[in-house]
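Hello! I am passing a structure on to you, and below it you will find some notes on what turned up. Please open it and follow along as you read.

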Amino acid sequence: MLISSRGRYALLVMIDLAGHRGGLVPGRQIAERLELSQKYLERILRTLAEAGLIEGSHGKAGGYRLVRPAEDYPIGEILQAAEGELMPVSCLAMDGKPCDRSGSCITLPFWRGLEEHINAYVNSYTLRDLLEPRGQ
């Protein structure tokens with residue numbers, strides 16, 4: 001499994017918004033801080049908004065903000081919004097065609113277990129945890 005730049009930047013955008021505690025943040029400012037093109041940022045923001053993770057307002061005083069407190073955003077939810085399902089092998093994809101060998105595959109339990117560990121790990125962290133790292 002490889003998290004793309006889209007997933008990494010989606011997470012950074014959410015952290016940036018979480019750091020502004022509810023106020024509207026203009027996309028231009030986010031793009032400047034993250035050193036992203038405005039066009040690429042807008043695609044990420046649209047994806048996050050369609051997933052219901054953020055809301056935006058257009059116009060002179062417009063911008064973007066989180067719809068929930070930072071502690072209510074598991075990192076896995078953000079990555080899934082940007083990347084789709086997080087899984088180590090394609091045969092586990094919900095929208096993938098079932099593998100012809102799934103009934104006799106001796107490695108399938110291993111892949112399912114790895115998927116469970118990945119999801120448990122990414123969902124054990126929230127935006128708040130990344131803003132205020134654990135143990136500090």
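In helix H2 (residues 27-34), the buried residues are Gly 27, Ile 30, Ala 31 and Leu 34; buried means under 20% relative accessible area, exposed over 50% and partly exposed in between, with a 1.4 Å probe and protein chains only. Helices here are DSSP runs of H or I with at least four residues, strands are runs of E with at least two, and both are numbered from the N terminus. This is a predicted model, where local features need pLDDT of at least 70, side-chain atom pairs count only at pLDDT 80 or more, and totals for chains, interfaces and linings use all residues. Residues are numbered from 1 along each chain as its sequence is written, and side-chain values use heavy atoms, leaving out hydrogens and water.

Just after H2, Glu 35 has a positive phi of about 55°.

S2 also pairs with strand S1 (residues 54-57), antiparallel and over four bridges; pairing takes at least two DSSP bridges between two strands. Ile 54 has Leu 66 in S2 as its bridge partner. Five residues lie between the strands of this hairpin, and Gly 59 takes a positive phi near 110° there.
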